[in-house]
Amino acid sequence: TLLPPPAGLGSLVDTARLLVGGDKGLLAIDESTSTCNRRFARLGIAQDEPTRRAWRELILTTPGLGDAISGVILVDETIRQRTRGGTAFLTVLAQAGITAGIKVDLGATPLAGHPGETVTEGLDGLRQRLGEYARMGARFAKWRAVLTIGDGTPSRACVTANAHALARYAALCQEAGLVPVVEPEVLTAGEHTLARCEQVTEDVLHEVFAQLDTQGVVLEAILLKPSMVLPGSDNPTQDPVDAAAAATLRCLRRAAPAAVAGIAFLSGGQSGDLAAARLAAMNSPALAPLPWPVSFSFGRAIQEPALSIWGGQDANTERAQQALLRRATANRDARRGEDTS
Ligand code: 13P
């Protein structure tokens, strides 16, 4: 049973619940221009605006996308674009029954005095930008903080600065009528163990929720977008799916209040198959009941095979869309506890 929403934020709570309701999830296509170009370059795809537009059009016009995807996270360039036929991307989404979201952070920049660590920027002028996106029709927003596990990292300075920025962003979103997706990403890069990742992720989440509380953010009207608790990608010991799923949920149960509308994981460079298998394990009866819906907000784990198949060639569009839909559908199945990938 869901309690009545807090006064004044009813529509935000409804949006948050809709985004994680049933078995659909979020699709992130909010790569910055430089990240998108880097992924294109690796596949020999042209790195320019028309090609980025064509790729995003391919994704958004995939037949049946709305059966597995409740919301798509766009980026400033994309939210203003149109299909080749002249239909605004925002209209394409509305027609597919998909809610539009927008990435609003301006990226991770080096944190002064802390080599190798970053703080995410973009608070200056954010109120005005959020207002414009809300008027355009966006219903939710995203801000990503980045934490690295290493010798002495993440530092207190990095954890607190990023948590503070996430909370200021989230409060501004709720003021503007947008559901904030709060994304503290603990990177998998490194040799650390699963246990270390669990400890760091729990510590980061405690700080994030303390700052959200300080800024008066209403938890029923946010989504948390965490990284899964995983061993470092350079650690030769890669724990089984069930162990990672159990560690992730143990960590989240300790640190994410039950009031949070939903958890929507990022994929963080995992293969599509592994991301779906871990999501299915977390939604398996063995780990139920969960305090919140456990969903996905994947970028690479949904886009990756499709992008290679497309390769920038019109002739491959249909096959690429089929591959994209397969990944989206596998994650929808994973939300039901079924690993079909
Ligand atoms: P990945 O799933 O590729 O990590 O992307 C999700 C995202 O939005 C990262 O900010």
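Strand S7 is covered on both faces. Val179, Val181, Glu183 and Glu185 are buried on one side, and Pro180, Val182, Pro184 and Val186 are buried on the other. Here, buried means that 20 or more other C-beta atoms lie within 10 Å of the residue's own, with C-beta atoms placed from the backbone. This is a predicted model: local features need pLDDT of at least 70, side-chain atom pairs count only at pLDDT 80 or more, and totals for chains, interfaces and linings use all residues. Residues are numbered from 1 along each chain as its sequence is written.

**Strand S7 and its neighbours**
- Strands are DSSP runs of E with at least two residues, helices are runs of H or I with at least four, and both are numbered from the N terminus.
- Strand S6 (residues 140–147) pairs with S7 in the parallel sense over 8 bridges. Two strands pair if DSSP finds at least two bridges between them.
- Ala145 stands opposite Pro184 in S7.
- From S6 the chain crosses through helix H7 (residues 156–176) to S7, in a right-handed β-α-β crossover. Right-handed means that, with the strands pointing away from the viewer, the path from the first strand over the helix to the second runs clockwise.
- S7 also pairs with strand S8 (residues 223–224), in the parallel sense over 2 bridges.
- Val181 stands opposite Leu223 in S8.
- Helix H8 (residues 194–214) carries the chain from S7 to S8, and this β-α-β crossover is right-handed.

**The barrel**
- 8 strands close into a barrel, in the order S1-S2-S3-S6-S7-S8-S9-S10. The pairing is parallel.
- S1 and S10 pair over 2 bridges, in the parallel sense.
- Leu26 stands opposite Ser297 in S10.

**Around the ligand**
- Residues surrounding the ligand include Asp30, Arg144, Glu183, Phe298 and Arg300.
- The shell has 4 nonpolar, 3 polar and 4 charged residues. Ala, Val, Leu, Ile, Met, Phe, Trp, Tyr, Cys and Pro count as nonpolar, Asp, Glu, Lys and Arg as charged, and the others, Gly among them, as polar.

**Helix H12**
- H12 covers residues 317–335 and has 19 residues.
- Its buried residues include Ala320, Leu324, Arg327 and Asn331.
- After H12 comes Gly337, whose phi is positive, near 85°.

Terms used. Expected span 1.5 Å × (residues − 1). Buried ≥ 20, exposed ≤ 12 C-beta atoms within 10 Å, placed from the backbone. Near = placed C-beta within 6 Å.
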